[in-house]
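Hi,

Here is the structure I said I would pass on. Have a look at it first, and my notes follow below.

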Amino acid sequence: MGADDECYMSIGGGESDKYIVNITFDKVSFHNLVVPSKTDAIEKLVVGEQEGNYSARMCVNLETALLAAQTFTVSGQLQISLSWEEEKEFAVSSNKI
C-alpha cells in the first residue's frame, strides 16, 4: 500500500499466522513492526513467494498486521500502540577511476 513512490507499507507472509510489516516514508528509513517480548530466534517465512529467514520479533499475527494497516491507510502514520524498530538502508556508491 502506498501514498506515493516514497511512502508505502509492505505486508508479507501469512503462513502459520506470521506476517512481516514495514513502513517507509522516504525509501531510506524503514520501520519494522516487532513484538519486543519475542526472541531474535530465526524463523522461516515465505514473503513475496520466496522463503527467507526473519527474526521471530518481526513475525506478527494477522490482528496486529491489520491494526498497523488500518492506521497507515487512514492517517499515513505508524500505529503508536505497536512497537516499531527503525532500519536504514545504506546506498552503496561506486567510484570508477
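**What I found**

Strand β3, residues 29–34, pairs with β6 in the antiparallel sense, over 6 bridges. Within that pairing, valine 34 has serine 83 of β6 as its bridge partner. Bear in mind throughout that this is a predicted model.

Zooming out, β3 and β6 belong to an open sheet of 4 strands, ordered β1-β2-β3-β6, with antiparallel pairing. β1 (8–13) and β6 (83–88) are the edge strands; each has a single partner, so one side of each has no neighbour in the sheet. From one strand to the next, the twist averages 25°. Helix α1, residues 62–75, lies across β1, β2 (19–24), β3 and β6, and it runs at about 165° to β1.

Now the charged pairs. The count comes to 3 salt bridges. One of them is between glutamate 43 and lysine 18, with the closest N and O atoms 2.5 Å apart. That pair links distant parts of the chain, 25 residues apart: glutamate 43 is in strand β4 (residues 42–47), while lysine 18 is in the loop between β1 and β2. Lysine 18 counts as partly exposed, at 26% relative accessibility.

Arginine 57 is the one to click on next. Its side chain meets that of aspartate 40 in a salt bridge, 3.5 Å from N to O. Here arginine 57 comes from the loop between β5 (50–55) and α1, and aspartate 40 from the loop between β3 and β4, 17 residues apart. Arginine 57 also forms a salt bridge with glutamate 85, where the closest N and O atoms are 2.0 Å apart. Glutamate 85 sits in strand β6, so this pair ties together parts that are 28 residues apart in sequence. Through shared partners, Asp40, Arg57 and Glu85 join into one network. As for burial, arginine 57 counts as buried at 16% relative accessibility, aspartate 40 as exposed at 57%, and glutamate 85 as partly exposed at 35%.

Leaving out residues up to four places away in sequence, glycine 13 touches Lys18, Tyr19, Leu45, Val46 and Val47. Its C-alpha atom is 7.4 Å from that of glycine 48, 35 residues apart along the chain.

Last, the cysteines: how many disulfides does a search of the whole structure find? It finds 0. Cysteine 7 is buried at 11% relative accessibility, and cysteine 59 is buried at 1%.

Cheers

How values were computed: Residues are numbered from 1 along each chain as its sequence is written. This is a predicted model: local features need pLDDT of at least 70, side-chain atom pairs count only at pLDDT 80 or more; totals for chains, interfaces and linings use all residues. Side-chain values use heavy atoms; hydrogens and water are left out. A disulfide is a pair of cysteine sulfur atoms within 2.5 Å. Buried means under 20% relative accessible area, exposed over 50%, partly exposed in between (1.4 Å probe, protein chains only). Two strands pair if DSSP finds at least two bridges between them. Helices (H or I, at least four residues) and strands (E, at least two) are DSSP runs, numbered from the N terminus. Axes are lines fitted to C-alpha atoms, for helices over the stretch in contact, and angles run from 0 to 180 degrees between N-to-C directions. Contact means heavy atoms within 4.5 Å. A salt bridge is a side-chain nitrogen of Lys or Arg within 4 Å of a carboxyl oxygen of Asp or Glu.
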